[in-house]
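Welcome, and thanks for taking a look at this one with me. Below is a short tour of the model, written for someone who likes to check distances and angles along the way.

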Amino acid sequence: MRAAVLTEQPGELAIEELSIDRPGPGEVLIQTVGAGLCHSDLHFMEGLFRTALPVVMGHESAGIVQAVGDGVDYVEPGDHVVACLSIFCGSCPQCLSGHPSRCANPQATSRAKGSPPRLTRADGSPVDQFARLGGFAEEMLIHENGLVKVTEDMPLDRACLIGCGVTTGFGAAVRTANVQVGTTVCVIGAGGIGLSAIQGARIAGANRIVAVDLSTAKLETAQRMGATHVVDASATDDVVGAVRDLTGGGVDYAFEAIGRSTTVRQAFDMLVPGGVATVIGMVPSKDEVTLRGIDFLSEKKLQGSAMGSNQFRTDIPRMIDMYLDGRLLLDEMVSARIELDAVNQGYEMMRNGEVARTVITFE
Ligand SMILES: NC(=O)c1ccc[n+]([C@@H]2O[C@H](COP(=O)([O-])OP(=O)(O)OC[C@H]3O[C@@H](n4cnc5c(N)ncnc54)[C@H](O)[C@@H]3O)[C@@H](O)[C@H]2O)c1
Ligand SMILES: [Zn+2]
Ligand SMILES: [Zn+2]
């Protein structure tokens with residue numbers, strides 16, 4: 001099967017023909033139908049974070065079950081599924097205390113050391129799977145606890161977006177920050193993640209939602225998603241002042257959806273006393289974030305959010321219902337559909353800020 005492989009950091013993806021093993025115990029083989037391009041892969045391709053190499057990139061994919069291994073009774077061949085990197089073991093303290101997205105025992109849902117690899121090149125050498133999914137591939141072999149069964153009414157080329165971007169942004173608003181009805185919100189960065197946070201804030205009932213981005217096209221999309229106000233960060237050097245002016249003094253909830261220490265600082269600085277800033281963006285490992293210590297006296301809070309603090313087996317079907325009843329907008333998030341061979345061009349469009357989400361379709 002064909003897959004997009006990263007062999008060096010920094011580096012581009014190369015399409016390779018790989019062999020995929022049969023499903024072992026607890027594993028599921030999936031024929032991929034749609035795969036979204038998330039910025040996290042690009043951070044790794046740019047070398048801002050380290051990964052094992054060679055590796056099939058991609059972690060936002062949906063498809064159809066082809067085969068299941070011993071002991072799998074959650075799905076059967078023909079089922080439609082969305083993959084999610086929050087693979088839970090179900091028995092570690094994080095899983096058992098209601099935080100399966102923080103699962104602390106990945107060994108329980110991976111092949112044991114010394115077992116045959118899931119993916120190999122023609123010479124038999126192993127190829128890794130990014131996020132233990134490897135979603136930019138015609139087929140995925142993953143643990144059953146990394147997927148959720150979804151209704152066949154849901155188009156898989158949009159369902160895939162919920163596997164990472166939508167779960168992450170929507171969940172950051174609704175689960176991590178728990179946005180309350182009637183409040184004021186700002187989302188900095190209106191890519192796939194930020195647009196999903198805006199939608200989460202709208203569905204949670206926020207009164208004012210300010211979107212901040214450098215691109216006017218992104219800000220227009222943000223307004224379709226629920227932003228009531230926008231700030232063009234390319235046209236001002238005082239984003240915090242602009243947001244304060246629009247909101248009568250600041251916001252209850254700020255979200256950073258880019259991954260830069262300067263915009264994390266903006267998110268914290270634009271809060272009203274008692275407000276909470278949630279960092280979703282992946283800030284490069286070597287970067288530090290500095291704050292003014294005195295601001296803690298006004299009870300401002302800064303927190304991180306990983307994969308929207310999800311419980312994806314129940315969250316994703318709920319989000320699909322919201323899409324099917326017209327409240328969660330996904331069609332509008334897809335700016336481009338491409339083939340697997342065009343994955344590098346897809347990331348070039350993201351780097352240029354041209355697209356909300358690009359989806360690889362496999363047919
Ligand atoms: N925490 C998690 O679990 C998690 C999950 C998925 C993605 N992420 C991270 O979220 C971030 C966003 O991902 P994405 O896929 O939405 O990326 P994206 O590239 O689609 O969107 C980023 C947006 O930020 C805008 N932007 C860039 N610099 C800006 C600035 N200085 N001021 C205002 N706007 C600016 C860009 O124009 C773009 O619209 C990335 O860092 C990604 O790695 C985190
Ligand atoms: Zn992602
Ligand atoms: Zn666990």
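This is a predicted model: local features need pLDDT of at least 70, side-chain atom pairs count only at pLDDT 80 or more; totals for chains, interfaces and linings use all residues.

Distant parts of the chain are linked here: His59 sits in the loop between strand S5 (55-56) and strand S6 (61-68), while Cys164 belongs to helix H3 (residues 156-176), 105 residues apart. His59 counts as buried because its relative accessibility is 2%, against a cut-off of under 20%. Cys164, at 4% relative accessibility, counts as buried too.

For comparison, the ideal angle for four tetrahedral donors is 109.5 degrees. One pair of them links distant parts of the chain: Cys92 is in the loop between strand S7 (80-83) and helix H2 (93-96), and Cys103 is in the loop between H2 and strand S8 (119-120), 11 residues apart. Cys92 is buried at 7% relative accessibility, and Cys103 is buried with a relative accessible area of 17%.

| Residue | Relative accessibility |
|---|---|
| His59 | 2% |
| Glu27 | 3% |
| Cys164 | 4% |
| Ser86 | 4% |
| Cys92 | 7% |
| Met350 | 13% |
| Cys103 | 17% |

Ser86 is found in the loop between S7 and H2. Its side chain is joined to that of Asn310 by a polar contact of 2.8 Å. Setting aside neighbours within four places in sequence, Ser86 is in contact with Ser101, Asn145, Met307, Asn310 and Phe312.

Glu27 lies in strand S4 (residues 27-36), and at 3% relative accessibility it counts as buried. The side chain of Glu27 makes a polar contact of 2.8 Å with the side chain of Arg111. A polar atom of the Glu27 side chain also lies 2.8 Å from the backbone nitrogen of Gly24. Beyond its neighbours within four places in sequence, Glu27 has contacts that include Arg22, Val68, Arg118 and His143.

Met350 lies in helix H9 (residues 343-351). Not counting residues up to four places away in sequence, Met350 touches Leu37, Cys38, His39, Leu42, Val355 and Arg357.

Within helix H5 (residues 216-225), Lys218, Leu219, Thr221, Ala222 and Met225 are buried. Why do the buried residues line one face of the helix? Seen down the axis of H5, they fall within an arc of 160°, so they line one face. Thr216 and Arg224, on the other side of H5, are exposed. The cover over the buried residues of H5 includes helix H4 (192-204), strand S13 (208-213) and strand S14 (229-232). At the start of H5, a side-chain oxygen of Ser215 comes to within 3.3 Å of the backbone nitrogen of Ala217. After H5 comes Gly226, with a positive phi near 130°.

Finally, the core. The largest nonpolar core has 59 residues, and those touching the most other members are Val166, Val185, Ile198, Phe255 and Ile316. At least two residues of this core come from each of strand S11 (147-150), H3, strand S12 (184-188), H4, S13, H5, strand S15 (251-256) and helix H8 (312-324). H3 supplies the largest share, 10 residues.

Definitions and conventions: Residues are numbered from 1 along each chain as its sequence is written. Chains are lettered from A and ligands numbered from 1 in the order in which they are written. Side-chain values use heavy atoms; hydrogens and water are left out. Helices (H or I, at least four residues) and strands (E, at least two) are DSSP runs, numbered from the N terminus. Buried means under 20% relative accessible area, exposed over 50%, partly exposed in between (1.4 Å probe, protein chains only). The arc is that of the directions from the helix axis to the C-beta atoms. Contact means heavy atoms within 4.5 Å. A polar contact is a pair of N or O atoms within 3.5 Å; within protein, one must be able to donate a hydrogen and the other to accept it, and residues adjacent in sequence count only if both atoms are side-chain atoms. A nonpolar core is a set of buried Ala, Val, Leu, Ile, Met, Phe, Trp, Tyr and Cys residues joined through side-chain atoms within 4.5 Å.
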